[in-house]
Protein chains: 2
Amino acid sequence: MKEDIEIGYMDSDIVTLIEKFFKLPYVYTKSSCSGRIVAVDSPYPWSREGTIIFKVHRPIKLDELKDILSKKIVTRLWINSMGPIIHAVAKDFDSAFKIIQIARDAGFKHSGVLSVNEEGWVVELTTGVRANILAKVDDKVILKEEELDKICETINDVLLEGKKRLKMLEERLDAELKGLK
Amino acid sequence: MKEDIEIGYMDSDIVTLIEKFFKLPYVYTKSSCSGRIVAVDSPYPWSREGTIIFKVHRPIKLDELKDILSKKIVTRLWINSMGPIIHAVAKDFDSAFKIIQIARDAGFKHSGVLSVNEEGWVVELTTGVRANILAKVDDKVILKEEELDKICETINDVLLEGKKRLKMLEERLDAELKGLK
């Protein structure tokens, strides 16, 4: 994990949370995202079939938004502001639903078991915090220039709502770790 | 279920799919949505804390979009175009992951087990097909008037992508029912 952090695979906002997960005896994390803002040139907001033109794990500045809008795109431009997502492996049924319950209590309402394999019970902890703002169609900006500051604020508010829940999850994990001692 | 359909709780696009689920011996559905377009006056796109001002399970017309934009709102106006979501109860572990696999193969990539209770294994079958288009902030339209037709088309395209996956799921259930005979 340390190596992942150093080479920059992992976003820094989530490091302390992941360390807490690894202290729990019954679960560990696989891949995680603290929440991010991603601009994607794609027919649909999901990026699988599109081209990512911007990605950060922090709020954006108005100038960055303007810069994104100035880039040439081929289909539609979506600015996705997305909450945190954590994939973890729990050792058994009880552990899986325990960690799901902890996550739900912290605002990760869309958490569930994805699969069960030789490693354990794979859970996804996720919030439903997200916005996919349509920004360009056919390379034309569809947003009003004079409202861009408010739009920028909205994009950031969604991201920060996700980060808030990440903090809540961290606090729940602290309580859980305390109870184990 | 028939009663739900008659009194309008259920959207008609999903009726044949649900009937197919009920033919399977190891799973039945609880609540389902075929995908919808919802306009919500809310600080965030999720509607829990907001006011729903428009909701349909079909594509919208440009005039409807214009009408939505003309309504007075108090925070932000989001137009959410959302794919199908199905909550089902499977009788055991194997049935739950069987139906999840069938759903994933049909494009319901975000499916998983939500909980286990006395009824059985509660699964959520869902796609990741969605867009939450920001349309107004502080009661001001932030979308360009001259691009509304393309925006309307985009909203509908997202919805129809979800309906396509619903159709794919129906075909997979047909194949599964055939295999059981």
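A residue is called buried when its relative accessible area is under 20%, exposed when it is over 50%, and partly exposed in between (1.4 Å probe, protein chains only). The structure is a predicted model, in which local features need pLDDT of at least 70 and side-chain atom pairs count only at pLDDT 80 or more, while totals for chains, interfaces and linings use all residues. Residues are numbered from 1 along each chain as its sequence is written, chains are lettered from A and ligands numbered from 1 in the order in which they are written, and side-chain values use heavy atoms, with hydrogens and water left out.

Two copies of a chain are related by a rotation about an axis and a shift along it.

**The interface of chain A and chain B.** Contact is taken as heavy atoms within 4.5 Å, and 42 residues from chain A and 42 residues from chain B take part. Because 100% of the interface residues of chain A are also interface residues in chain B, the copies meet through the same surface. Chain A and chain B bury about 3500 Å² between them, 58% of it on carbon and sulfur atoms; buried area is the accessible area (1.4 Å probe) that two parts lose on being put together, summed over both.

A salt bridge is a side-chain nitrogen of Lys or Arg within 4 Å of a carboxyl oxygen of Asp or Glu. The rule finds four salt bridges across the interface of chain A and chain B. A:D157 and B:R76 meet through their side chains in a salt bridge of 2.6 Å, N to O. There are also twelve residue pairs in polar contact across the interface of chain A and chain B, both residues at pLDDT 80 or more. On the side of chain A that touches chain B, at least two residues each come from β4 (76–82), α4 (93–105), β6 (112–117), β7 (120–126), β8, β9 and α5 (148–180) of chain A. The largest share of that side, eight residues, is supplied by α5(A). Helices (H or I, at least four residues) and strands (E, at least two) are DSSP runs, numbered from the N terminus. A polar contact is a pair of N or O atoms within 3.5 Å; within protein, one must be able to donate a hydrogen and the other to accept it, and residues adjacent in sequence count only if both atoms are side-chain atoms.

**The nonpolar cores.** In soluble globular proteins, nonpolar side chains tend to be buried together. A nonpolar core is a set of buried Ala, Val, Leu, Ile, Met, Phe, Trp, Tyr and Cys residues joined through side-chain atoms within 4.5 Å. The largest such core has 58 residues, and A:L65 and B:L65 have the most contacts inside it. When neighbours within four places in sequence are left aside, A:L65 is in contact with A:I60, A:I79, A:L148, A:I151, A:C152 and A:I155. Another core, of 52 residues, lies apart from it and has A:W121, A:L173, B:F108 and B:L125 among its members.

**Salt bridges within the chains.** Over all chains the count comes to 28 salt bridges. B:K98 and B:E176 form one of 3.1 Å, N to O, through their side chains. B:K98 lies in helix α4 (residues 93–105) of chain B and B:E176 in helix α5 (residues 148–180) of chain B, so this pair ties together parts that are 78 residues apart in sequence. B:K98 is partly exposed at 39% relative accessible area, whereas B:E176 is buried at 15%. The side chains of B:R58 and B:E64 meet in another salt bridge, of 2.7 Å, N to O; B:R58 is partly exposed at 34% and B:E64 is buried at 18%. In chain A, a network of salt bridges links A:K20, A:K167, A:E170 and A:D174.

Most residues other than glycine have a negative phi. B:D139 has a positive phi of about 65° although it is not a glycine, and its place is in the loop between β8 (130–137) and β9 (140–141) of chain B. B:D139 is partly exposed at 24% relative accessibility, and its side chain meets that of B:K136 in a salt bridge of 3.2 Å, N to O. B:K136 is buried at 3%. In chain A, the phi of A:D138 is near 50°, also positive in a residue other than glycine.
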